[in-house]
Amino acid sequence: MVFQQQNYTNTTNYEGFNRQDSKSFYPREYNSLSRICQGNDMKISLSWNVNAWAKVKQSFTKSIKSRLFSCSRDEAYKQLLTDVIGIVSPGELCAIMGASGAGKTTLLNILNFRNNQKVETKASVKINGIEANWDMISKYSGMGDKMKGLSGGEKRRLSYASEVVNLPPLLFCDEPTSGLDSSMAQSLIESMRKLADNGKTIICTIHQPSSQIFKLFDSLILLTEGRLAYIGPSIGYRVPNFFNPADHYIQTLAVSPKNKQIDSMRTEYIVDRFGKSENYARILYDIYWTESRPAFVEQDIPKYSANYLSQFGWLFWRQLKLDLKNPIATTVTIVQAIIVSIFLGLIFFRLDENEKGVQNRAGALFVIIMQSSFGFLFAVVNTFPSDLTLVYRESKNRLYSITIYYLVKQIAEMPKFVITAAIFVTISYWMIGLNDNFGVFFQVLLTIILCSQVAISCGLLLSAASPNIEVAIALVAPAVMPLLIFSGFFLNDM
């Protein structure tokens, strides 16, 4: 089955287009350069021409043979996207659709310069006719990603809301309706429809939308086996009676493993026919028209969406909310400090003031410092790896500075660790009987609190330098052990 449009207008080939005939050829109003960017109401047109490849994973045996016996080490590649072109203009809500493995998410990731480390690309992505890069895309776009700690529907809604709150002129959404019921999915797409009506450019991948949702899209991109099967208006093509258009298109373009040869021939025919169609020529001319008149987008956009004080306030509030939702962690830390301090006090209970007492006091102080270092260091070493994905996404979207995030983590958790250190030192100090002078006690207390803050800073450093929690924990012993060995308790100055 071939997609057949009901109405075409007469056009010529791409090479023969004349700029003078643009209005009669394509009934779209193109804004002049002075009207494309106006203050906060910036208009973004996104055009692209994309090819992408991925390395083919070889089995372990083949990999060893190729390395040992093959002179050339050329790796095999599989083409994920082949000459996929497209353009989305301001005020358009565009849906990228296709069967599983068609290349929807790959295309979306290339367009917004995300998660492309494992993909080789040869792509041209342009904003208002100007070649774009990551910095340019990140300034003007938002990307709805996944979040942790919430249900599927909550993740989707919160992720979308966190991007829309800044009203970016260009918005990417990867399957925003997945995990949502039909009513919530309808509501979410309707909100995207309103944003598009206000001049925003929105591109999303979507998996089998309902017929009601499908009607909300202005344009449609259909992919099959990494090739472009259709791009253009979302309505105007014949669909069998009582069929959801989205289901019909996906079923027509799907390649089943059982009928791979027949399905591949059908999709190949569809792709070839569309590549020779007048509608494809329209898109080529649309891209040509936009890119031949580049409009320089404004560059005076602030580095972050809010000032540093606002960033600090909201991050601090969020951290407090997280701590209040998880009081068990704080309770366990305080209870652990009480138990360890009592156990230590019972072992070194009321030391005598003699030569043995001096040696025992040195040992008690060493254990107190070691507990303050190791205990607090392990408590924070998993801070950044667990939040790495969220922090990376939010910082790249210019929501806040990494420096502010670090300061908030340090300051928000400081009262908890200061109180814990004070409880630990107070109990163990008076049970051991280090010195009955209150001034000396205060000096010891202040010293231990400062030691604990140094340990926390070292823990945060190891946490920030580690890709995951396992690596962070593994780095603790090599980092702390030299400090303990040269602390003076095990090795005296010769």
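Which residues does the UniProt annotation "transmembrane region" cover? In the unreviewed entry, this annotation is assigned to residues 328-351, 363-384, 414-432, 444-465 and 471-491. The structure examined here is a predicted model. In this model, the span of residues 363-384 is 91% helix and 0% strand, with its end C-alpha atoms 34 Å apart. Residues 414-432 form a span that is 100% helix and 0% strand, and the end C-alpha atoms of this span are separated by 27 Å.

The packing of two helices was then considered. Two packed helices are described by the angle between their axes and the distance between the axes. Helix α14 comprises residues 355-380 and helix α16 residues 402-432; their axes come within 11 Å and cross at roughly 160 degrees. Since angles over 145 degrees count as roughly antiparallel, α14 and α16 are therefore roughly antiparallel to each other. The crossing of α14 past α16 is right-handed. On the α14 side, the contact involves Ala364, Ile368, Gln371, Ser372, Phe376, Ala379 and Val380; α16 contributes Glu413, Phe417, Thr420, Ala421, Phe424, Ser428 and Ile432. Classified by residue type, this contact between α14 and α16 contains nine nonpolar, four polar and one charged residues.

A further site was examined in a loop. Ala254 lies in the loop between α9 (245-253) and α10 (260-275). Ala254 counts as partly exposed because its relative accessibility is 24%. Although Ala254 and Gly98 are 156 residues apart along the chain, their C-alpha atoms are separated by 7.5 Å. When residues up to four places away in sequence are not counted, Ala254 touches Ala99, Asp263 and Arg266.

Methods
Residues numbered from 1 in each chain as written. Predicted model: local features only at pLDDT ≥ 70, side-chain atom pairs only at ≥ 80, totals over all residues. Heavy atoms only, no water. Axes fitted to C-alpha atoms, helices over the stretch in contact; angles between N-to-C directions. Helix = DSSP H or I, 4+ residues; strand = E, 2+ residues; numbered from the N terminus. Parallel < 35°, antiparallel > 145°, perpendicular 65-115°, else oblique. Left-handed = near helix turned anticlockwise from the far one by under 90°. Contact = heavy atoms within 4.5 Å. Nonpolar A, V, L, I, M, F, W, Y, C, P; charged D, E, K, R; others polar. UniProt positions renumbered as here; feature names shortened; annotations may be inferred. Buried < 20%, exposed > 50% of the residue type's maximum accessible area, 1.4 Å probe, protein only.
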